[in-house]
Amino acid sequence: MLASNEIVRKSRLVPESVRKALIDLVSLGIVSSSGAGRSRVYCLNADHYFSSALSNLFKAESDRFTAILEAVRQSAAGEPFFSLFYYGSVARGEDRRDSDLDIGIVAQADELASIVERIREELRDASQRFGFLPNVVGLDFADIERLDKDSDPWWKSVISEAIVLSGKRPEDAIGFNGEGRG
């Protein structure tokens with residue numbers, strides 16, 4: 001059972017759209033509801049003809065996202081990096097069908113361009129297979145120092161929303177001078 005605000009959060013849809021959809025799903029018998037007002041909770045009707053298909057669809061989407069993240073991790077396997085992370089609309093849970101997957105990589109300046117190119121190349125097949133658009137952004141330690149010193153708004157948003165896939169948090173590179181590998 002889920003409350004409508006939890007459904008809004010998990011679905012990343014606007015509340016009014018969720019409210020209208022829930023009304024339709026209840027009227028079709030696909031979803032049942034109990035309670036009243038803000039205390040109303042919703043549950044998939046396991047006896048409905050479509051419940052199995054809907055459950056399988058949501059599981060497939062969850063499995064797809066897990067496979068995408070694993071493909072990103074594998075694309076950087078063996079590379080000498082400090083941090084591999086994703087950020088942007090996907091990390092914020094605000095992505096849409098046509099959103100790209102913003103991927104950040106922090107590495108030494110002399111290796112960064114070749115690492116970014118290899119990751120992009122490695123992700124070509126996975127992006128077609130899983131239907132996503134990877135946007136790989138490379139940062140070296142000097143970039144991070146500059147962005148942090150300038151209080152760059154983009155950098156601030158990256159710090160607040162980055163989800164690390166391997167290595168350290170991107171902001172941990174501030175003041176870091178050594179070798180790093182994720």
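Before I come to individual residues, one term is required: two strands are said to pair if DSSP finds at least two bridges between them. Please also bear in mind that the model before you is predicted.

With that term in hand, consider Ile103, which stands opposite Val136 in β6. The strands concerned are β5, residues 100-106, and β6, and they pair in the parallel sense over seven bridges.

Which sheet do these strands belong to? They form part of an open sheet of four strands, in the order β6-β5-β4-β7. The pairing within this sheet is mixed. At its edges lie β6, residues 133-139, and β7, residues 163-167, each of which pairs on one side only. On average, and with direction ignored, neighbouring strands of the sheet are turned by 20° against each other.

Two helices that pack on this sheet deserve attention. Helix α5, residues 109-130, touches β5 and β6. The direction of α5 makes about 170° with that of β6. Helix α7, residues 153-161, touches β4 (83-87), β6 and β7. Here the reference strand is β4, and the direction of α7 makes about 100° with that of β4.

Let me now turn to the chain as a whole. Seven helices and seven strands are present, and along the sequence they follow the pattern β-α-α-β-β-α-β-α-β-α-β-α-α-β. Why do we describe this chain as more spread out than a compact globule? The radius of gyration is 21 Å, whereas the globule rule gives 16 Å for 182 residues; the value is well over the rule, and the chain is therefore more spread out than a compact globule. Taken along the principal axes, the C-alpha atoms fill a box of roughly 60 × 35 × 20 Å.

Finally, the second largest pocket, in which about 230 Å³ of space lies. Two elements give two or more residues to its lining, namely α1 (4-11) and α2 (15-28). Which of the elements gives the most to this lining? That is α2, with four residues. The lining residues of the pocket include Ala3, Ser4, Asn5, Arg19, Leu22, Ile23 and Val26. Also among them are Gly37, Arg38, Arg40 and Tyr42.

Thank you for your attention.

How values were computed. Residues are numbered from 1 along each chain as its sequence is written. This is a predicted model: local features need pLDDT of at least 70, side-chain atom pairs count only at pLDDT 80 or more; totals for chains, interfaces and linings use all residues. Side-chain values use heavy atoms; hydrogens and water are left out. On a 1 Å grid over the protein atoms alone, a cavity is a set of points where a 1.4 Å probe fits but cannot get out, and a pocket is an open set with protein on both sides within 12 Å along at least five of seven lines; lining residues have an atom within 4 Å of a point. Grid points are joined across faces, edges and corners, and a volume is the space filled by probe spheres set on the points. Axes are lines fitted to C-alpha atoms, for helices over the stretch in contact, and angles run from 0 to 180 degrees between N-to-C directions. Contact means heavy atoms within 4.5 Å. The radius of gyration is taken over C-alpha atoms; the globule rule is 2.2 Å times the number of residues to the power 0.38.
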